[in-house]
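Subject: Structure handover and notes

Dear colleague,

I am passing on the structure below, together with my notes on what was found in it.

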Amino acid sequence: MSEHPADDTPETVQAQSGWQSVIEDMTAIADEYRDRGWTALELHPGDSVLVDAETRTGLDVVLPGPEYEDLESLTDDCTFTAVDVFRAEHGGMLYLLVVEQAPEDETAVLVPAYYDLGSGQTKLEQIRADGELRLFCRRLNDDYVEFVHDDVSPFLPEAL
């Protein structure tokens, strides 16, 4: 993912810059999939957060209604069996681009996400202890599509 050097830019501007880099990378990677003849769905979450609750533990991203419906349709029709995760740390945030893949269907779902490293330590430790990360792509009414990953290391910071 694109790297941005640390400077004296205010934290919110740095966070927006890091997020913009993830979105730009997502577009480029989606185009690469399309060039190979795959279907590539790019998602644009309005929020992304680590959750540790009775109902959900993992990474939770909130999607606009139409994107959620497109995702739900794809997951009904395809079996996602592979994942690539691109990760970058910047300004106390971990930015991720998760590419869920259904190779037999030549379909990829690109999910950008982020979380605050400082406030997520307990949740990160729980995810590592569980040995499983659940990615919840949900709409505001709490309907969700879930991707489950047994290898948590690509989703976590290197120094945990």
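Among contacts in the protein chain (heavy atoms within 4.5 Å) between residues at least 6 apart in sequence, 57% join residues at least 24 apart. This is a predicted model, in which local features need pLDDT of at least 70 and side-chain atom pairs count only at pLDDT 80 or more, while totals for chains, interfaces and linings use all residues. Residues are numbered from 1 along each chain as its sequence is written, and side-chain values use heavy atoms, with hydrogens and water left out.

The protein chain holds 3 helices and 8 strands, where helices (H or I, at least four residues) and strands (E, at least two) are taken as DSSP runs and numbered from the N terminus. Read from the N terminus on, the order of the elements is α-β-β-β-α-β-β-β-α-β-β. Of the 160 residues in the protein chain, 44% are buried; here buried means under 20% relative accessible area, exposed means over 50%, and partly exposed lies in between, with a 1.4 Å probe and protein chains only. The accessible surface of the protein chain comes to about 8300 Å², and 44% of that area belongs to carbon and sulfur atoms; the areas come from the Shrake-Rupley method with a 1.4 Å probe, and for residues only the protein chains shown count as cover.

On strand pairing, for which DSSP must find at least two bridges between the two strands, strand β2 (residues 47-52) and strand β3 (residues 57-62) run antiparallel and are joined by 6 bridges. The two form a hairpin with 4 residues between them, and D47 stands opposite V62 in β3.

Turning to charged side chains, a salt bridge is counted when a side-chain nitrogen of Lys or Arg lies within 4 Å of a carboxyl oxygen of Asp or Glu, and by this rule the count comes to 10 salt bridges. One of them links E158 with R87, whose closest N and O atoms are 3.5 Å apart. Because E158 lies in the segment after β8 (144-149) and R87 in strand β4 (residues 82-90), this pair ties together parts that are 71 residues apart in sequence. E158 is exposed, at 67% relative accessibility, whereas R87 is partly exposed, with a relative accessible area of 30%. In another salt bridge, E132 is paired with R134, and the closest N and O atoms are 3.0 Å apart; E132 is partly exposed at 27% relative accessibility, and R134 is partly exposed at 28%. The side chains of R138 and D142 also meet in a salt bridge, at 2.9 Å from N to O, with R138 buried at 13% relative accessibility and D142 partly exposed at 41%. Through salt bridges that share partners, R56, D60, R138 and D142 are joined into one network.

Which residues does H149 touch, leaving aside its neighbours within four places in sequence? They are V83, E100, G131, E132, L133 and F155. H149 is found in strand β8 and counts as buried, at 8% relative accessibility. Its side chain makes a polar contact with the side chain of E100 at 2.7 Å; a polar contact is a pair of N or O atoms within 3.5 Å, where within protein one atom must be able to donate a hydrogen and the other to accept it, and residues adjacent in sequence count only if both atoms are side-chain atoms.

In helix α1 (residues 11-35) we find I29, which is buried with a relative accessible area of 12%. Leaving aside its neighbours within four places in sequence, I29 is in contact with F86, L97, V99 and L110. D70, which lies in helix α2 (residues 65-77), is partly exposed, with a relative accessible area of 43%.

Finally, the cysteines: a search of the whole structure finds 0 disulfides, a disulfide being a pair of cysteine sulfur atoms within 2.5 Å. C78 is buried at 12% relative accessibility, and C137 is buried at 0%.
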